[in-house]
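Let's look at how this protein is put together, one question at a time. Have the picture ready and follow along.

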Amino acid sequence: MIQYFKNIYSAIATIFIGMKITFKHLFVPAVTIQYPDVKPKLPDRERNRLYVNFDDCIGCDQCARACPVECITVDTVKGLPTEDLGKTSQGKKKALWVTSFTIDFAKCCYCQLCVFPCPTECIYMTDIYEFSEYERSNLIYNFSILTPKEAEEKKANYARFEAEKAAEKAAKAAAATPPANASKEQ
Amino acid sequence: MTYDFFSKLFGSDLIAALIQSLLPLFIFILPYALFAVWWERKVSAHMQDRLGPMRVGWHGALQTIADILKLFQKEDIVASSIDKPLFNIAPVLMFVGTYAAFAAIPFSSVFIGSNLDLGVFFIVAVSGFSVAAILMAGWASDNKYSLIGAMRSAAQIISYEIPTILVIITIVMVTGTLNLTTLSEMQTGHFWNWMILGGPGSSLSKFLLIPSMILGFGIIYISTLAEVNRTPFDIPEAESELVAGYHTEYSGMKFAMFFLAEYANMLAVSSVVAALFFGGYQSPCGYLGNLIGLKWLIPIEQIFWFTAKGLFFVFVQMWLRWTLPRLRVDQLMNTCWKYLIPLAFVNLIIIGLITLI
Amino acid sequence: MKNIQEIFDILKEKFGDSILELLTTLPVESFITIAPKKINEVCLFMRDNEELKFNSLMCLSGVDDANGKQVKDENGAVKIEGSTLSVYYHLESTEFRHKVTLKSSAPKENPEVESVALIWHHADWHEREAWDLVGIKFLNHPDLRRILMPYDWEAGHPLQKDYKNPEFYHGMKVPY
Amino acid sequence: MALKTEHMTLNMGPQHPSTHGVLRLEVELEGEIIKSVQPHIGYLHRCFEKHAEAMTYPQVIPYVDRMDYLAAMYNEFGYAVAVEKLLGIQVPERVEYIRVIMGEFQRIASHLVAVGTYGLDIGAFTPFLFCFRDRERIINLFEMTCGARMLYNYIWVGGLSHDLHPDFVRNAKEFVSYFKPKVKELNDLLSYNRIFIDRTANVGILPLETAINYGISGPNLRGSGFEWDIRKDDTYSVYNKFDFDIPVGKGLQGTVGDCWDRYYIRIQEMGESLKIIEQALEQLPEGDVTSAIPKRIKPPVGQVYSRVENPKGELGYFIISNGSPNPFRVKVKGPSFVHLGIMNELCKGHMIADVIAILGSIDIVLGEVDR
């Protein structure tokens with residue numbers, strides 16, 4: 001019987017304690033913000049959309065190899081010795097044409113593993129987080145500044161150069177060695 | 001009174017009756033429901049350190065209207081295996097039960113849908129419609145969650161009607177009337193004439209009644225809370241267990257009907273509690289209209305006080321909802337049969353003895 | 001507290017030939033190899049023995065050892081033949097605080113290992129997982145079904161090293 | 001005449017508000033009483049173990065994050081500890097301290113979600129949002145440190161990706177002093193609420209013998225009254241340098257090992273974690289956090305089973321190396337996976353509403369169950 005009234009008492013008492021707490025919170029200022037109107041201040045290490053400073057990219061493919069989800073694809077073609085490919089901001093000489101450098105943000109897991117191996121620190125994460133798209137294909141970003149046509153041209157150039165070099169080598173080899181051996185080399 | 005006015009205006013009893021019956025819906029229940037939904041969201045938000053709706057109108061005041069518009073546009077999804085007629089009737093019946101209860105609620109001394117001598121009894125009776133509606137909805141949905149919700153709900157509402165009625169009986173014993181207008185009129189003057197403080201007069205029995213009345217108020221408030229399926233007694237629609245209980249399968253306007261009925265129900269029971277224990281439409285501290293001699297101001301003031309009291313109890317319901325967890329179905333029955341009903345009986349006997357003095 | 005050598009000695013004395021060997025040459029972790037058809041008896045003994053009391057199974061893992069030789073079939077797909085599938089049992093005694101690793105290998109063609117699910121209920125789901133992903137059949141398991149993959153997955157057991165993804169599953173393309 | 005009755009089968013999930021993810025519980029009911037519960041899992045299976053075999057050791061870490069996504073920091077911690085054991089390397093003291101601080105913050109964050117969603121399961125909405133409000137502050141600390149809010153990739157094999165932010169220590173101390181009164185408020189609002197106690201006490205009682213046999217660990221095992229914590233009993237990192245207690249279930253409101261005990265252990269553990277954080281912040285040594293990161297991670301042939309005390313229980317990594325830069329086999333013993341296996345045992349004879357209460361009290365994350 002005592003337990004009976006104790007139950008009633010404890011129920012009522014704890015309900016009132018709870019109600020007191022919630023009532024107090026009616027007058028506590030809200031912790032939420034009005035998102036699109038007010039934006040949160042992001043810390044300086046924020047890890048959101050990747051950005052590639054393409055001027056500095058030397059096409060070393062380290063980021064693509066570090067990526068656990070294979071969202072980065074880098075295609076390169078060697079530059080001709082006669083061409084000037086420019087320098088990175090740190091003064092490194094480039095040797096490769098980066099014909100395409102795409103990041104598929106639909107796959108990207110924002111793990112930052114690609115950022116650390118980069119020798120020229122040209123790939124880094126920015127604090128832009130609003131980049132949703134209606135089409136999945138729009139999430140594939142191409143950072144290369146070469147147009148497809150230019151890229152084709154570079155590829156063709158290098159292929160031609162290779163071919164010429166091979167031909168030259170073959171010719172040299174043919175000139176230096178007896179014909180019997182030359183045919184074997186081919 | 002308004003009925004007479006309209007019947008004179010149109011010269012037809014039928015039109016007058018129609019207008020009379022539609023008036024509370026359009027001038028009171030719909031605006032109230034719109035307000036209450038917004039208010040609940042605001043109350044819950046601020047209790048949880050949030051802001052709640054902020055975009056539509058001032059502090060999101062028009063949010064509910066936007067929601068209603070959205071619900072109007074929604075596709076009415078009807079599963080293939082449901083029992084169509086019952087499925088369609090249920091939300092309507094649910095609303096009818098709630099709406100009919102408003103007929104006997106006195107908003108002020110001049111504005112009451114129907115001044116029934118059996119007012120309280122009528123309200124208790126018609127609110128029983130909702131049980132049928134919930135059972136229909138649960139059964140017709142052909143969904144196990146709905147069915148379980150409906151069974152729980154039927155058991156719950158029927159059980160909790162007993163303590164409600166027992167408490168109403170105590171009031172009837174003291175006042176000798178079931179007419180809510182008469183009840184309200186008895187509690188006129190100042191707040192010490194309210195039933196919660198023993199009713200009018202200053203005899204010894206008034207003071208003896210006070211503890212019993214407070215107990216009675218507690219019991220009726222808890223059990224009406226259970227009757228309208230609010231937390232901590234919202235197990236018929238317990239969203240973490242039964243998804244949405246009996247209205248799982250409803251969408252669009254039919255869902256809105258249930259929703260509207262829930263909020264209207266909250267006000268209905270709050271109003272009944274206010275009318276029984278807190279003087280109904282009576283002001284706690286005299287009328288401004290009396291003071292400055294404008295008699296026509298009094299009914300308006302009365303409506304104000306009535307609404308204020310009703311909304312206060314609705315607020316308490318919301319407050320409880322955002323504070324408490326939910327009971328389990330057997331505990332719910334325990335609360336009713338082991339605690340509320342015995343206490344209500346004891347209360348009934350004590351009040352009976354006091355009234356004999 | 002007993003070290004793995006002492007535990008091995010106790011087991012060897014009791015079960016003799018069923019306890020195959022103790023491998024301590026690997027860094028970090030040593031293990032005792034046990035015949036697959038006797039593992040349940042050994043485990044029951046280890047749980048109930050007063051000196052050992054391995055009342056807790058920490059982990060049970062199925063592994064495709066891929067130690068056979070690679071064979072190309074007529075379609076050019078690589079198959080590994082003659083290898084074994086192993087189950088590793090990591091046991092612990094919460095009373096004596098000692099731990100031990102057991103290993104039990106079965107040939108891949110007929111990977112049958114006795115179940116320990118009735119000794120430690122913990123093993124129930126882990127064995128189902130080992131069956132699902134690695135394809136080890138646990139004899140006398142109360143309910144050996146797939147657990148992580150769909151119940152009607154027909155393309156084999158994904159954690160086998162020569163597993164090939166099917167093209168379609170119920171008309172849906174599998175590789176995205 | 002005997003009445004013929006039929007059991008009703010109720011499918012809870014895969015889409016259900018309180019299955020904490022995509023879990024299907026096949027519940028067999030007699031009225032409201034449960035006859036059996038059969039969990040069906042795998043809806044979130046992402047082939048973690050298969051993926052891991054195709055990746056180098058550092059590349060596995062982002063995948064590890066995604067198992068128990070509410071305690072990602074601790075998953076990395078466990079993985080790093082395991083691979084370091086396999087490699088046999090020592091990490092600098094500062095790294096260990098920072099790992100412990102992060103791990104304990106993560107424990108608080110994970111327990112806040114557990115406690116909050118438990119309240120939500122029982123029907124109390126407000127404590128849920130209070131918990132998320134506080135968790136937000138912890139997440140802000142993590143965001144400040146490594147830039148991500150949920151899936152950190154912060155703890156690496158041999159070190160950390162970044163050193164602490166210069167403001168971190170100050171903010172962390174601020175959080176500790178902010179959070180202490182909040183625990184009390186949460187207790188008043190939820191833990192000691194009579195309705196909450198009625199719903200959880202004497203429900204889903206897990207006896208100790210059963211718990212050990214089922215491999216239960218972490219707060220659930222301690223809730224059954226067994227003082228067992230891998231941080232103390234099989235210590236790793238620098239946990240032996242801190243002074244903290246292991247709360248155990250005492251059956252304060254009902255029987256030892258009921259839902260309320262399991263719930264309350266989590267509340268108490270948050271306090272213990274705060275203690276550890278305070279001590280670690282005091283003792284935090286100086287040093288370089290990236291110095292011990294190996295250039296190429298290529299462990300010797302061998303295997304290791306290493307376990308840590310994840311917020312949810314014993315998180316074990318079984319890694320076999322065949323000497324290549326990719327792990328030969330990574331098997332994860334996730335506490336959630338193990339704990340879910342006991343549902344049937346706990347639920348029998350209870351009511352539908354109790355399934356939710358029990359499921360919430362064992363605190364599972366489906367990302368880890370299905371991996």
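Q: Which residues touch the most other members of the largest nonpolar core?
A: This is a predicted model, where local features need pLDDT of at least 70, side-chain atom pairs count only at pLDDT 80 or more, and totals for chains, interfaces and linings use all residues. Residues are numbered from 1 along each chain as its sequence is written, chains are lettered from A in the order in which they are written, and side-chain values use heavy atoms, leaving out hydrogens and water. A nonpolar core is a set of buried (under 20% relative accessible area, 1.4 Å probe, protein chains only) Ala, Val, Leu, Ile, Met, Phe, Trp, Tyr and Cys residues joined through side-chain atoms within 4.5 Å. Among the 171 residues of the largest one, those with the most such neighbours are Ile32(C), Met46(C) and Tyr89(C).

Q: Which helix gives the largest share of this core?
A: Helices are DSSP runs (H or I, at least four residues), numbered from the N terminus. With 13 residues, the largest share comes from chain D, from helix α4 (residues 93-122).

Q: How many residues are in the other core, apart from this one?
A: Among its members are Ala36(B), Val126(B), Val131(B) and Ile354(B). This separate core has 102 residues.

Q: Which pair of chains has the most contacts?
A: Contact means heavy atoms within 4.5 Å. Chains B and C do not touch, their nearest C-alpha atoms being 25 Å apart. Of the five pairs that touch, the one with the most contacts is C and D.

Q: Is Leu291(B) buried or exposed?
A: Leu291(B) lies in helix α12 of chain B. Its relative accessible area is 70%, and the cut-off is over 50%, so Leu291(B) is exposed.

Terms used:
Helix = DSSP H or I, 4+ residues; strand = E, 2+ residues; numbered from the N terminus.
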